Amino acid sequence: MASGKAPDDARTRHPYGRDPDAIERPVFSATIRPHCSLSRLGFRVVMVACGGVALVTGIAFLQMGMWPVTGFFGLDIAALWLALTLNARRGRSFEQVVISQIEVLVARVSHRGERAEWRFNPLWTRLHKVEDEEYGLLSLSFVSRGQRVLVARDASPTERQAVADGLTRALAEVKKGY
């Protein structure tokens with residue numbers, strides 16, 4: 001049954017056969033988060049276990065008449081809680097890298113919600129790697145017209161290498177199209 005309307009795919013197709021939205025569609029997109037040492041449950045387990053050990057040994061020292069030691073156990077637990085809380089809060093930060101045909105976007109969002117962005121032309125952008133034989137890929141950065149931006153700062157060397165491989169392929173694909 002024929003109708004007077006053209007099929008949906010014919011309306012969105014460019015007369016020369018190219019997709020008009022392809023230029024803005026990302027070739028590569030990644031969100032990089034720092035490694036978080038503990039989940040919420042892990043945080044609670046560690047704090048309860050360490051608090052229990054500190055409580056039992058603190059009571060033992062208190063019974064022996066060494067009451068100042070109990071206060072130092074409390075300080076240790078407070079310092080551990082502060083360190084793990086700050087680490088968990090820092091784990092909320094992330095870095096976003098998007099490569100499309102028209103731009104390379106690097107955006108960093110801190111644990112406070114502060115956002116910083118860098119935009120580059122993909123044709124003038126290259127990937128700079130610093131590698132060590134023993135440790136692997138130490139740093140990865142975009143370089144364009146004298147500006148350098150580190151990428152995947154919080155990733156391990158093996159994770160950074162995987163990101164570098166994806167970025168290299170994406171930049172090559174974008175440059176191949178021109």
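Predicted model: local features only at pLDDT ≥ 70, side-chain atom pairs only at ≥ 80, totals over all residues.
Colleague: How do β1, β2, β3 and β4 line up?

Modeller: They make an open sheet of 4 strands in the order β1-β2-β3-β4, with antiparallel pairing. Two strands pair if DSSP finds at least two bridges between them. β1 and β4 are the edge strands, each pairing on one side only. From one strand to the next, the twist averages 10 degrees; axes are lines fitted to C-alpha atoms, for helices over the stretch in contact, and angles run from 0 to 180 degrees between N-to-C directions.

Colleague: Over how many bridges do β3 and β4 pair?

Modeller: Over 6 bridges, in the antiparallel sense, with β4 covering residues 115-120. V106 has W118 as its bridge partner in β4, and V104 has F120. The hairpin of β3 and β4 has 5 residues between the strands, and G113 takes a positive phi near 95 degrees there.

Colleague: Let's pick one residue. Is R108 buried or exposed?

Modeller: R108 is buried, because its relative accessible area is 14%. Buried means under 20% relative accessible area, exposed means over 50%, and partly exposed is in between, using a 1.4 Å probe and protein chains only.

Colleague: And where does R108 sit?

Modeller: In strand β3, which covers residues 104-109. A polar atom of the R108 side chain lies 2.3 Å from the backbone oxygen of L150. Contact here means heavy atoms within 4.5 Å.

Colleague: What about the sheet of 3 strands, what order does it have?

Modeller: That open sheet runs β5-β6-β7, again antiparallel. Its edge strands are β5 (126-132) and β7 (147-151), each pairing on one side only. Neighbouring strands are turned by 30 degrees against each other on average, direction ignored.

Colleague: Which helix packs on that sheet?

Modeller: Helix α4, residues 157-176, which touches β5, β6 and β7. The direction of α4 makes about 35 degrees with that of β6. As for the strands themselves, β6 (residues 136-144) and β7 pair over 5 bridges, and V143 stands opposite R148 in β7.

Colleague: Which residues touch the most other members in the largest nonpolar core?

Modeller: I99, F142, V151 and L167, out of 22 residues in that core. β1 (28-32), β2 (94-99), β3, β6, β7 and α4 each supply at least two residues, and α4 gives the most, with 6. A nonpolar core is a set of buried Ala, Val, Leu, Ile, Met, Phe, Trp, Tyr and Cys residues joined through side-chain atoms within 4.5 Å.

Colleague: New topic: how far apart are the end C-alpha atoms of α2?

Modeller: They are 34 Å apart, which agrees with the 34 Å that its 24 residues (40-63) should span at 1.5 Å a residue. The expected span is 1.5 Å times one less than the number of residues.

Colleague: What do the buried residues of α2 pack against?

Modeller: Against α3 (67-90). The buried ones in α2 are G42, M47, A54 and G58. Just after α2, G65 takes a positive phi of about 90 degrees.

Colleague: Last one: is G177 buried or exposed?

Modeller: G177 counts as exposed, because its relative accessibility is 60%. G177 is in the segment after α4. G177 and Q101 are 76 residues apart in sequence, and 8.4 Å apart in space from C-alpha to C-alpha.

Colleague: And how much of the protein counts as buried?

Modeller: Of its 178 residues, 26%.

Definitions and conventions: Residues numbered from 1 in each chain as written. Heavy atoms only, no water. Polar contact = N/O pair within 3.5 Å; in protein donor to acceptor, adjacent residues only side chain to side chain.
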